[in-house]
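Colleague: I would like to learn how to read a protein model piece by piece. Could we go through one together?

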Amino acid sequence: EIAPNSGSTGAAETLLLGQSFGVELAYSKFDISSCGGGGNSRSLDFESTVASGSVLNLLKSIDESLASASMQGRVVVDESELTFEGLMLGGARSVQVSSGVGVKTDDLRVKVVSSGALEADFGLTLDFEDGGELAFDVLGVALDAEGGKYSLNARGETSSRWSSPLNLPWLHLSGGSIEVNTTSDSTWDQVPIEMKMRSRFVGSELEADAYVSIRNGEVSISTAVSDVSLLNIIGTVSSMNDVGESVSEIFADAEADEVVLSTSTSKSYVALTFDSLRYGDGAMKDFLGWFPPSKMVMKVTPDMNVLNLAGRNAGLVFGGSGGAYLHEGVNDGFLEVLNYDVHLDFLTATTRYERVATTALWRPVVGEEKLLNLTGTAKNLVGDVGGEWTSPFGLDWLTLGSVGVEFEMREEGLGSWRISSCEFKAAGKASIGSNGESYDAIVWGRGEGDNHDHIIMNIWLKYEGQSLAELANSLHGDDTDFLSELSILSGDGYWNLEYATYAGHREGVTAYFKVGIQGGGNFDSALGLSNYPHDLASRSLDGGLRVWGGVAEAWISTGKYDVYGSIVNAKKARVGLGSEGVMRWTVESYIKFANNMRLEVELSGQAQGTATSVLLSGPVAGDWVDGFGVKGLRLEDSVVNVGLGEARSIDVTTNLKLGGVTLPLAGNVSVLHGEVSDDLSLEGYWEGMGGVYEAGKAISFSELVEWWNSRAAGDTNVQTKGLGDWSLYSSHFQLSPRAHVFEGASVPAGMALKTSLLCWGLPCTFTGFTSGDYDSLDLAFTLKSISGLEDEIKSILVRDVLPSPLVNLTELTNDQAQTLGTWMDLASPMFVLTSASVTGFSFSHLSSGVLPTLDLGFSFYGAARSLSVPVRPPFTSGLGQVLSAPLSFLSPSLFTVPSCLRTSDCFTPGPGYCDDVCTPGLGDYYGECPSEYGMCYARDTLCGDCFAKCVDFQCVPVPKGESPEDDDYD
């Protein structure tokens, strides 16, 4: 429809291409062809401006200045479809988006079809302040927008290259796509432009996709690379071949699955975001500490003067039920980290400054949490609880101002960290007393326990009241009138109150004061029971109050004084009283017994306030060494009991460990007319297993030796090799500081013992004692029964020593029996053991190589004899083995009988041999028997007839053909 020009003929002012088409051209030039004909196609060429409609909106969405520009084009009607296509005239148009970016459009072509689709293609060039230029061929589609506006979504491609974008010399961008979204009422400085390009890092083989964005006049670039070394990427970004020793030290072994590099025209640095960091045990781990971020951001300036790292994470918990480790997703614990930033600023290439900023929840007590803003390093964080804190730590009588908190962290291997210390301090007010008086308070506290997640704090309170009961009531909340017999004495400055949530450190509130005592009360009675001097009790004493778990207790504390003369000496005594009326004693003491024995003991006990006596008990500090004058003696688990008041007493229990057996010892001192003696003796009995050894149930002789070897004194040890498992039983041990009677015998001060044991298979007793040290421990053996030993010796004599006629007397001739009878009583038993003992059996002898001796007394056919035999290891041998060789060797002196009777040849002569030797005139005849020398010749002993005539039955061997007169006669 061509609207006529009003007032003229044959001309048109506007061309309206249908209401639905929405395009109105202002008149300029129309050239109508095929108009009005009968054909199917008609066209209209034009050169005009656009007056209104969708095309005008499209032009405005690209550039507002296009609204008044001339367009040249054609309208084509083909059957039912109408097409509009026009090219803007007047050349390229430029607009400055910001100080850093310019936008230029040219060759704009617009096309509209009757279906309503509207397209535009044009050239789009971006000019950057750094001299870079990117030219795109853009094709866009316009869509209806709200309020009669059109929006244009345009996409395009470029083959341009942008070198050193934003003055980053290490980066080149090339080839990519662009996307523009604009509306008909927007300008280019409001239009977001997004580009995807290809990035290449100068000096390396790294390539990746890059994203360029222009929004609100700011240009941003980001690109991502995978599996890279942090040190390499930092060197690339900073354009430095040598990034400095401090940077190298930290990032030498650090890698990341992905690194995103980003910067913009408003930033003076490049941000590097690392995903999935990997690093060893070097400086990187030391720096990050317990902040292992899921992502980490690094800021790098081109000259590397400033390098900043930031990481974020949450759900890290220290302390509490989970221990002081890191736990993601846990919402309970002593310190819960909500978020954090970790920064590392490099002032130069060799110096750095670390800092951490974090927000955390601090839960100092159950049911209470405070938000903390902390700063510092991975190993040290400092912050505060802002504002006033009422009823802190559950103490409703206390109000604190701003509380400063400091945490120290330490690593415990395998990436786990603990809180190594927690300290806090503040000033506040305490409401104490029946009228709620307010007193100044200063608080200093710390964390305790394995995880430092239990609170212990000191509250310095400027309390000016005098009623301990009133103070206790304020702290406790219950009636504490039972403490009215104590008063707080005036003091200067602040009193000290302690508060603890830690059961191992006086849980609850503990206060310390100077107190006075009202006479006739429980405390006065307790001091009297403790033998505390009354004149001292009238003075002021250290005292205090403890409130915990619904319980209140007060105490008084003394200095040094003698409990029992010079025997029990208190270094410090404390007497406490609770609401239940029970008095509790704690006495740090040293107890001196005779022989300079001194024991450090902390005694404790309790009794009702009206009691007339109390028993205190406590362990000896450490092992009891060198007791009773025995150097090297070590007693364990010693306990002292002291009775005070009407039941005066001192007794001691302790343990002596031998092998796998613990031998209990006990004793007490005498109390005569109320006077306590210092003469302490200890005794112990051990029954054992009747000579049978079983480890842990009996004491062996070897274990006794090992115990002696373990002494502190002495330079030599007894070799335990060859010592058998002789088992001790029915043992009696005694320790005494003075000479005493033991088992009916007088022994010196020290240790004495008597035990039964099986030695060489025989029941024995062993008695020993010391006088000064272990080296003096001697052993005296007594055989309980020698009947078994007598039988064993008889067996050895019959089997290995005596000739048969001396065992079986019926084998003797009359002459032999008559001769033997002159010095033996053949009517008496052959062998009777009259005594047996072991001498020289001491540890000192054994350690120096001196052997013990077995001494035997016996009679042989009525003749008294004795034998001393050294006993050699192994001591596991039976006495048969011990005695067999000595009895055989010493038989001539032990059993005085003719050697003829001990020589089997005397009774086994060859046939006719005696006739040759004893018959005069024969070749072997040696003369009369006995000879003129008063003895028989050797061969004469073979003759039974001359045997009985030998003088003293001593047969001397003489070689044949020789006589006793020869010089070489032996």
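Colleague: In the hairpin of strand 35 and strand 36, which residue takes a positive phi?

Modeller: A note before the details: this is a predicted model. In that hairpin, two residues stand between the strands, and Gly 549 has a positive phi near 50 degrees.

Colleague: How do strand 35 and strand 36 pair, and over how many bridges?

Modeller: Strand 36 covers residues 551-557, and its pairing with strand 35 is antiparallel, with seven bridges. Gly 543, for instance, is opposite Ile 556 in strand 36.

Colleague: How many bridges join strand 34 to strand 35?

Modeller: Seven bridges link them, and the two run antiparallel; strand 34 spans residues 508-517. Here Val 509 faces Val 547 of strand 35 across the pairing.

Colleague: Why is strand 35 described as largely enclosed?

Modeller: The general idea is that side chains in a regular strand alternate between the two faces of the sheet. For this strand, count the buried residues. Strand 35, residues 541-548, has six of its eight residues buried, so the rest of the structure largely encloses it.

Colleague: Turning to a helix, which residues of helix 6 are buried?

Modeller: Helix 6 runs over residues 522-529, and its buried residues are Phe 523, Ala 526, Leu 527 and Leu 529. Just after helix 6 comes Asn 531, with a positive phi of about 65 degrees.

Colleague: Which residues make the nonpolar surface patch of about 270 Å²?

Modeller: Ile 442, Trp 460 and Tyr 494 make that patch. Trp 460 belongs to strand 31, which covers residues 454-461.

Colleague: What share of the contacts joins residues at least 24 apart?

Modeller: Taking contacts between residues at least 6 apart in sequence, 50% join residues at least 24 apart.

Technical notes
Residues are numbered from 1 along each chain as its sequence is written. This is a predicted model: local features need pLDDT of at least 70, side-chain atom pairs count only at pLDDT 80 or more; totals for chains, interfaces and linings use all residues. Side-chain values use heavy atoms; hydrogens and water are left out. Buried means under 20% relative accessible area, exposed over 50%, partly exposed in between (1.4 Å probe, protein chains only). Helices (H or I, at least four residues) and strands (E, at least two) are DSSP runs, numbered from the N terminus. Patches are made of residues with over 30% relative accessible area and no salt bridge: like charges are joined within 9 Å, nonpolar side chains (Val, Leu, Ile, Met, Phe, Trp, Tyr) within 5 Å. Accessible areas come from the Shrake-Rupley method with a 1.4 Å probe; for residues, only the protein chains shown count as cover. A salt bridge is a side-chain nitrogen of Lys or Arg within 4 Å of a carboxyl oxygen of Asp or Glu. Two strands pair if DSSP finds at least two bridges between them. Contact means heavy atoms within 4.5 Å.
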